[in-house]
Amino acid sequence: LGGTAAVGVPVETVLKAKLGSANVTRLAGAGRYETARTIAAECVRVLGTGYDGTAFVATGLNFPDALGASPLAAANGWPIYLVGPTGADATLVGAMRADGVEKALVLGGTGVVSDTVKNGLAAGIPATVERLFGANRYATACVVATYGVNHAGLGWDRLAIATGQNFPDALAGGVLQGTSGSVMLLTPSATLDTGVRAILVANKGVIHEVRFLGGTGAVSAAVRTAVTQALK
């Protein structure tokens, strides 16, 4: 995923030698936004008639909102489009229309994806556009996870907890969670987010396993202790 500045030619060369050139494909564009559109189009192509027309739209300037939605995306084949500072331009709208998007779930509040962008998507695609957001990145991830349980066929058991202060662990864990039928919540590394704690307390009757993504430098022992206490 990404151009040669993101994943270099030597990596691609080794993969082709080990797997065969026909089994290695690079999905890339001129930047993160075009790369996201390329990946989305490939997702829709692979799914074919199985694609239900739902997609996410997230800011391309920061990572948490898209990460929180990654289990839902993986479980249901819902592509994630990134919006840049210029908003929902004709290129993005055209790509989403070409991919057959009929419902767009905008991630995050107006500070990350403005109502102008949201309304532009609704008018341009055209599609049903719904915003999933909270007061901050942690609250937004809670809202997205709740949507996943209520509307996307996921459950609270086997939920994952990752730091919301960096992206690698949650990025790698999103597909795991989606294929496991569960969601992912974000927290500060040192303390358990209060919204996450509230979800754990409310759903402790159905939560039998929790997955902590990353070492104690990413999700501290204090967070793990707080999770255990919330589930008692």
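This is a predicted model: local features need pLDDT of at least 70, side-chain atom pairs count only at pLDDT 80 or more; totals for chains, interfaces and linings use all residues.
Reader: In the open sheet of four strands, which strands stand at the edges?
Author: The open sheet of four strands runs in the order β2-β1-β3-β4, and its pairing is parallel. From one strand to the next the twist averages 25 degrees. Each edge strand has a single partner strand, so one side of it is left without a neighbour in the sheet, and the strands in this position are β2 (80–83) and β4 (128–132).

Reader: Which residue in β3 is the bridge partner of Thr54?
Author: Strand β1, residues 54–59, pairs with strand β3, residues 103–107, in the parallel sense, and the pairing extends over four bridges. Thr54 falls within the residue range of β1, and its bridge partner in β3 is Lys103.

Reader: Are α3 and α6 roughly parallel or roughly antiparallel to each other?
Author: Helix α3 spans residues 64–76 and helix α6 spans residues 137–151, and their axes lie 9 Å apart. The angle at which they pack is about 15 degrees, and angles under 35 degrees count as roughly parallel. The passage of α3 over α6 is a right-handed crossing, and the relation of α3 to α6 is therefore roughly parallel.

Reader: How many nonpolar, polar and charged residues make up the contact of α3 with α6?
Author: On the α3 side the contact is made by Pro64, Asp65, Gly68, Ala69 and Leu72, while α6 contributes Arg137, Thr140, Val144, Tyr147 and Gly148. When these residues are sorted by class, with Gly counted among the polar ones, the contact of α3 with α6 divides into five nonpolar, three polar and two charged.

Reader: Which residues of α4 meet those of α2?
Author: Helix α4 (residues 90–99) packs with α2 at an angle of about 10 degrees, and the two axes are 10 Å apart. The two helices are therefore roughly parallel to each other. By class, their contact has five nonpolar, one polar and two charged residues. From α2 come Arg37, Ala40, Ala41 and Val44, and the residues they meet in α4 are Thr91, Leu92, Ala95 and Asp99.

Reader: Does Thr35 count as buried or exposed?
Author: Thr35 lies in helix α2, which covers residues 32–47. Leaving aside residues up to four places away in sequence, Thr35 touches Gly2, Leu27, Ala28 and Gly29. Buried means under 20% relative accessible area, and at 10% relative accessibility Thr35 therefore counts as buried.

Reader: What distance separates the C-alpha atoms of Val149 and Arg224?
Author: Val149 lies in helix α6, and at 21% relative accessibility this residue counts as partly exposed. Apart from residues up to four places away in sequence, Val149 touches Leu154, Gly155, Trp156 and Val183. Arg224 is 75 residues from Val149 along the chain, and their C-alpha atoms are separated by 23 Å.

Reader: In the open sheet of three strands, which strands have a single partner strand?
Author: This sheet has the order β6-β5-β7, with parallel pairing. Its neighbouring strands are turned against each other by 25 degrees on average when direction is ignored. One side of each edge strand is left without a neighbour in the sheet, and the strands with a single partner are therefore β6 and β7 (210–212).

Reader: Which residue in β6 stands opposite Gly155?
Author: Strand β5 (residues 155–163) and β6 pair in the parallel sense over five bridges. Strand β6, residues 182–187, is mostly covered, with six of its six residues buried. The residue of β6 that stands opposite Gly155 is Ser182.

Reader: Which residue in β7 is the bridge partner of Ile161?
Author: The pairing of β5 with β7 is parallel and runs over three bridges. Helix α7 (residues 168–180) packs on this sheet, where it touches β5, β6 and β7, and its direction makes about 150 degrees with that of β6. Within β7, the bridge partner of Ile161 is Phe212.

Methods: Residues are numbered from 1 along each chain as its sequence is written. Side-chain values use heavy atoms; hydrogens and water are left out. Axes are lines fitted to C-alpha atoms, for helices over the stretch in contact, and angles run from 0 to 180 degrees between N-to-C directions. Angles under 35 degrees count as roughly parallel, over 145 as roughly antiparallel, 65 to 115 as roughly perpendicular and the rest as oblique. A crossing is left-handed if the near helix is turned anticlockwise from the far one by less than a right angle, and right-handed if clockwise. Contact means heavy atoms within 4.5 Å. Two strands pair if DSSP finds at least two bridges between them. Buried means under 20% relative accessible area, exposed over 50%, partly exposed in between (1.4 Å probe, protein chains only).
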